[in-house]
Amino acid sequence: QVQLVESGGGLVQAGDSLRLSCAASGRTFSNYGAPDGMSWFRQAPGKEREFVAAISWRRGNTYIADSVKGRFTCSRDNARNTVYLQMNSLKPEDTAVYYCAAKVLFMPQTMADMSRYDYWGQGTQVTVSS
């Protein structure tokens, strides 16, 4: 089992930056069979949940959605079992609940498929005012 807890959300103005954290506990990357793929998704009111970014715990490879590429980056701190989503130049359309999710394999071609994820966090709200 893996537990994921997001934090760092809040209310910011357009153009601001924000860093979200996802703290993992339980069967984390140092354990055999632990998830390697960690991702961020977001869901705006009235819209479907969408993929934002992903990172491999073990290798640090990242995969960023085209919609946020150049503004968002994903990183991890293995010592803290924490994954981060750095969001720069925020726009009102970035307003959403942001979720952290984990899956066993990190494969760029599958990271956007929500059905492949085994674990989800509870989400953290990000609101960007214009």
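This report describes the strands, aromatic pairs, nonpolar core and selected loop residues of a predicted model.

## The four-stranded sheet

Four strands make up an open sheet in the order E1-E3-E8-E7, and their pairing is antiparallel. Strand E1 (2-7) and strand E7 (72-77) are the edge strands, each pairing on one side only. From one strand to the next, the twist averages 20°.

E1 and strand E3 (residues 18-26) run antiparallel and are joined by six bridges. Within this pairing, Leu-4 has Ala-24 in E3 as its bridge partner. Leu-4 is also listed among the residues with the most contacts inside the largest nonpolar core.

## Strand E4 and its partners

Strand E4 covers residues 37-43. Six of its seven residues are buried, so E4 is largely enclosed by the rest of the structure. E4 pairs with E5 in the antiparallel sense, over six bridges.

## Aromatic pairs and charges over rings

A pair of aromatic rings is described by the distance of the centres and the angle of the planes. The count for this model comes to five aromatic pairs. Phe-41 and Tyr-117 form one that is edge-to-face, with 5.2 Å from centre to centre and 90° between the planes. Phe-41 belongs to E4, while Tyr-117 is in the loop between strand E9 (96-103) and strand E10 (119-120), so this pair ties together parts that are 76 residues apart in sequence. Both Phe-41 and Tyr-117 are buried.

Phe-41 also pairs with Trp-120: the ring centres are 5.1 Å apart and the planes stand at 50°, so the pair is tilted. This pair too links distant parts of the chain, with Phe-41 in strand E4 and Trp-120 in strand E10, 79 residues apart. The two residues fall into separate accessibility classes: Phe-41 counts as buried because its relative accessibility is 0%, whereas Trp-120 is partly exposed at 29%. One aromatic cluster is formed by Phe-41, Phe-51, Tyr-63, Tyr-117 and Trp-120.

Arginine side chains also lie over aromatic rings. Arg-49 lies over the face of Trp-120, at 5.0 Å from the ring centre. The charged end of Arg-19 sits over the ring of Tyr-84, and the distance to the centre of that ring is 4.1 Å.

## The nonpolar core

In soluble globular proteins, nonpolar side chains tend to be buried together. The largest nonpolar core in this model has 37 residues. Leu-4, Met-38, Trp-40, Leu-85, Met-87 and Tyr-98 are those with the most contacts inside it. At least two residues of this core come from each of E1, E3, E4, strand E5 (50-56), E7, strand E8 (82-87), E9 and strand E11 (124-129).

With neighbours within four places in sequence left aside, the contacts of Met-38 include Leu-4, Cys-22, Ala-53, Val-83 and Cys-100. Other contacts of Met-38 include Ile-55, Trp-57 and Met-111.

## Selected loop residues

Gly-121 is in the loop between E10 and E11. Its relative accessible area is 12%, so Gly-121 is buried. Leaving aside neighbours within four places in sequence, Gly-121 is in contact with Leu-4, Glu-6, Tyr-99 and Cys-100. Between Gly-121 and Cys-74 the separation is 47 residues in sequence and 16 Å in space, C-alpha to C-alpha.

Most residues other than glycine have a negative phi. Asn-81 is not a glycine, yet has a positive phi of about 55°. Asn-81 is placed in the loop between E7 and E8. Ser-89 likewise has a positive phi, near 50°. The loop between E8 and E9 holds Ser-89, which counts as partly exposed at 41% relative accessibility.

Technical notes. Residues numbered from 1 in each chain as written. Predicted model: local features only at pLDDT ≥ 70, side-chain atom pairs only at ≥ 80, totals over all residues. Heavy atoms only, no water. Pairing = 2+ DSSP bridges. Axes fitted to C-alpha atoms, helices over the stretch in contact; angles between N-to-C directions. Phe/Tyr/Trp six-rings, centres within 6.5 Å; stacked < 30°, edge-to-face > 60°. Buried < 20%, exposed > 50% of the residue type's maximum accessible area, 1.4 Å probe, protein only. Lys NZ or Arg CZ within 6 Å of the ring centre and 35° of its normal. Core = buried A, V, L, I, M, F, W, Y, C linked by side-chain atoms within 4.5 Å. Contact = heavy atoms within 4.5 Å.
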